[in-house]
Amino acid sequence: MKKRTQPPALSSGYGLIDSHCHLDMETSQDDIDDIIRSAEQCRVHTIITIGIDLASSQRAVELAHTYPGVYA
């Protein structure tokens, strides 16, 4: 897993939304818990993950059901 850097500090009460990501990708499956945790630590409170075909879209929906704050 790549080392992630912290974003600039946000004012209290604010968070970020990742409006387009691919959590369904095979390369991220081993690190999915770490990816979600890292996003939360960086104050990303909502993640919208998308698919590119039926199988990856179904995986995106599974992830949305598994992780609070993740939507497909």
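Visitor: In which helix do glutamate 62 and arginine 59 both lie?
Guide: The model is a predicted one, where local features need pLDDT of at least 70, side-chain atom pairs count only at pLDDT 80 or more, and totals for chains, interfaces and linings use all residues. Residues are numbered from 1 along each chain as its sequence is written, and side-chain values use heavy atoms, leaving out hydrogens and water. Helices (DSSP runs of H or I, at least four residues) and strands (runs of E, at least two) are numbered from the N terminus. Glutamate 62 and arginine 59 are 3 residues apart, about one turn of the helix, and the element that holds both is α2, residues 54-66.

Visitor: How far apart are the closest N and O atoms of glutamate 62 and arginine 59?
Guide: A salt bridge requires a side-chain nitrogen of Lys or Arg within 4 Å of a carboxyl oxygen of Asp or Glu. Glutamate 62 and arginine 59 form such a bridge, and their closest N and O atoms lie apart by 3.4 Å.

Visitor: Is glutamate 62 buried, exposed or partly exposed?
Guide: A residue is called buried under 20% relative accessible area, exposed over 50% and partly exposed in between, with a 1.4 Å probe and protein chains only. Arginine 59 has a relative accessible area of 26%, so this residue is partly exposed. For glutamate 62 the relative accessibility is 43%, which means that glutamate 62 counts as partly exposed.

Visitor: In what order do the elements run from the N terminus on?
Guide: The protein has 2 helices and 3 strands. From the N terminus on, these elements run β-α-β-α-β.

Visitor: Which strands are the edge strands of the sheet?
Guide: Two strands pair if DSSP finds at least two bridges between them. The 3 strands form an open sheet in the order β1-β2-β3, with parallel pairing. Those that pair on one side only are the edge strands, β1 (16-21) and β3 (70-71).

Visitor: Which residue in β3 is the bridge partner of isoleucine 48?
Guide: Strands β2 and β3 run parallel and are joined by 2 bridges. The partner of isoleucine 48 in β3 is tyrosine 71.

Visitor: Is serine 56 buried or exposed?
Guide: Serine 56 has its place in helix α2. Apart from neighbours within four places in sequence, serine 56 is in contact with Asp24 and Gly51. Its relative accessible area is 10%, and serine 56 is therefore buried.

Visitor: How many disulfides does the count give?
Guide: A disulfide is a pair of cysteine sulfur atoms within 2.5 Å. Cysteine 21 is buried, at 11% relative accessible area, and cysteine 42 is likewise buried, at 13%. By the distance rule, the count of disulfides is 0.

Visitor: What is the phi of arginine 43?
Guide: Arginine 43 lies in the loop between α1 and β2. This residue is partly exposed, with a relative accessible area of 32%. Although arginine 43 is not a glycine, its phi is positive, at about 70°.

Visitor: How far apart in space are tyrosine 14 and histidine 45?
Guide: Tyrosine 14 belongs to the segment before β1. At a relative accessible area of 57%, tyrosine 14 is exposed. Tyrosine 14 and histidine 45 are 31 residues apart in sequence, while their distance in space, C-alpha to C-alpha, is 9.3 Å.

Key:
Contact = heavy atoms within 4.5 Å.
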